[in-house]
Amino acid sequence: MKRWLSDRLFILYSVLLLVYLIHVFLDLSYLEWTVGILAVPILLLSFYYATRLFQVLGCLFLTTGNFMLISSDIPVHNFPLYLISNMNLLIFLSMLPWINSAAYIGRYEKSIKKLMKVNVRNLGDLYPKSVLTSGTLMTFLNLSAVNLSQEMLINSLKSIKKRIRDRLIARSTIRAYALTMIWSPMEIMVGIVVDATGVSYLSYLPWLLLVSFTVLLIDFQLQKRSFRSIPYREQGKAHRYQATKEIYLKMFKLLMILGMFLAVVMLASQWLRLSFILAVTLVIFPFSFVWAFFMKKTSLFLRMGYKSWRQKTNQLQNFVVLFISLSLFSNSLNQTAALSWIQYPFTVFKEYPVVILVLILFTYISLGLLGVHPIATVGVLLEILRPFFEIFNPIGIGVMLIVGALATASSGTYGVVVTMTSINTRQNPYAITVTNLPFTLIFGSIGIAVSYILL
């Protein structure tokens, strides 16, 4: 019975999210209440299927949120309405498999992965190529590309000692993910901050790219020195030259597609007057369908896309627990004096904005090491920092919120990417944390510098 129901969670989630989406466009109070009432049993069911980490986080947010709700002057019967403010994030996550499927059926990874083997003499040469390969794939494939990239490296480095192989994989693929997703419109952290600060995504993009490329260049220099003494053997030059030409063509196509996707998202956001996250959500399926149509693979896209969408939506229980409980916590926090207490450490240093930026980074790092998901952390930080949007330029704080979240993704012991890497390479997740913590600090420091300039 448990397995039968878990395979059909996507039906319940789809009904809930569809009703919410209709409410967004029609703005009817009874639909808002319907979403809130449906959220209660779906939260309880999701809690049953969620992993222990998200159950603990959910309990903390629900308990604290309920306590603040009861202690305030808010009518208790309004409880369901406090559960729905993060539904747009769940819709966004449920739609991502469609664009992942469109990119996957294009078989871009088959050509792009050859970049790893072009003109490689040692692991110092391999490192930047593996980062570029992984990052290119992650542009559209997101977490799916982490598995693909790590599988490619494991197969390519079978002759290398496991300790060295694990270190290279843990550094190159995880760092590629952080450096790519920091500016990707498909990254949920970017969407959350863009909507919360009210600053256009296009205003963020050049600064996020600046941080990404600066950290990338620093990391390349450090890692090339670290790995260049370890030789790597590969095929002849003729094969390498042919592969290079094919690779750059595929990379150019992906960049063009990404540019078109961003253009359509911005047009949809302006025309329909939607938040950035909802605009991305609504554009994903039609854009992916048109992409598949031009590849002449619409039938395959629909089959693969539906299968992937159903599978991923069935696995949303962790995020359902997190987002609904976080919604209650955030909305309740705004109604109590507790918010001012939590804001106090930041308020003390309002004359020293660089200290506030450092506090943001170390809040992410410390909570990440304890297993708190960056989305939960940013939800709390946004409530704490909202008054500072009127004192400082919100884009400066927003850049730091995005950078801090993705920098921590590379070293958070219980984070998704670190956990996946731990499973794929069979190494201790704490070892991955140790090898990537210096990168997190460099990444965060560059983010602090850029954010401070923007303030």
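## Helices and a loop residue

In this report a helix is a DSSP run of H or I at least four residues long, and helices are numbered from the N terminus. The model is predicted. Lysine 296 sits in the loop that joins H13 to helix H14 (298–314).

Why does this phi deserve a second look? Most residues other than glycine have a negative phi. Lysine 296 has a positive phi of about 60 degrees even though it is not a glycine. Is lysine 296 buried or exposed? Its relative accessibility is 76%, so lysine 296 counts as exposed.

You can find a second residue of this kind further along the chain. Arginine 426 is not a glycine either, yet its phi is positive, at about 55 degrees. Arginine 426 belongs to the loop between helix H20 (416–425) and helix H21 (429–454). With a relative accessibility of 75%, arginine 426 also counts as exposed.

Now step back into H13 itself. This helix runs over residues 276–294, which is 19 residues, and at 1.5 Å a residue it should span 27 Å. The C-alpha atoms at its ends are 26 Å apart, which agrees.

Where does H13 bend? The bend is at isoleucine 284 and comes to about 35 degrees, with proline 286 following within four residues. Isoleucine 284 is also one of the buried residues of H13, a list that includes Phe276, Leu278, Val283, Phe287 and Trp291.

Helix H18 covers residues 374–385, and its 12 residues should span 16 Å at 1.5 Å a residue. Its end C-alpha atoms are 16 Å apart, in agreement with that figure.

How many residues of H18 are buried? The count is 12 of the 12, so the helix is largely enclosed by the rest of the structure. Among these buried residues are Pro374, Thr377, Gly379 and Glu383. The cover over them includes helix H4 (52–71), helix H10 (188–197), helix H15 (317–333), helix H16 (338–348), H17 and helix H19 (394–409).

## Tyrosine 364

Because its relative accessible area is 1%, under the 20% cut-off, tyrosine 364 is buried.

Which residues does tyrosine 364 touch, leaving aside those up to four places away in sequence? Its contacts include Pro374, Thr377, Val378 and Leu381, along with Met189, Met400 and Thr408. Pro374, Thr377, Val378 and Leu381 are also buried residues of H18. Tyrosine 364 can also be compared with glycine 412: they are 48 residues apart in sequence, while their C-alpha atoms are 9.0 Å apart in space.

Next, the empty space. Rolling a probe the size of a water molecule over the atoms shows where empty space is left. The largest pocket has a volume of about 1500 Å³. It is lined by 48 residues, and those closest to its centre are Leu143, Lys312, Phe319, Val416 and Met420. Helix H5 (residues 87–105) contributes the most to this lining, with 7 residues. Sorted by class, the lining has 28 nonpolar, 17 polar and 3 charged residues.

The second largest pocket holds about 470 Å³ of space. Its lining has 21 residues, with Gly135, Thr136, Thr180, Trp183 and Phe213 nearest its centre. At least two lining residues come from each of helix H7 (123–141), helix H9 (162–181), helix H11 (201–227) and helix H12 (237–272). Which helix gives the most? That is H12, with 6 residues. The lining divides into 16 nonpolar and 5 polar residues, with no charged ones.

## A cavity

How many cavities of 30 Å³ or more does a search of the whole structure find? The search finds 1. The largest cavity has a volume of about 40 Å³. Its lining consists of Ala103, Tyr108, Thr136, Leu137, Phe140, Leu141 and Leu254.

H7 gives the largest share of this lining, 4 residues. By class, the lining of the largest cavity has 6 nonpolar residues, 1 polar residue and no charged residues.

Key. Residues numbered from 1 in each chain as written. Predicted model: local features only at pLDDT ≥ 70, side-chain atom pairs only at ≥ 80, totals over all residues. Heavy atoms only, no water. Buried < 20%, exposed > 50% of the residue type's maximum accessible area, 1.4 Å probe, protein only. Contact = heavy atoms within 4.5 Å. 1 Å grid on protein atoms, 1.4 Å probe; cavity = no way out; pocket = protein on both sides within 12 Å on 5 of 7 lines; lining within 4 Å. Points joined across faces, edges and corners; volume = space filled by probe spheres on them. Nonpolar A, V, L, I, M, F, W, Y, C, P; charged D, E, K, R; others polar. Expected span 1.5 Å × (residues − 1). Bend = angle between axes of the 7 residues up to and from the residue.
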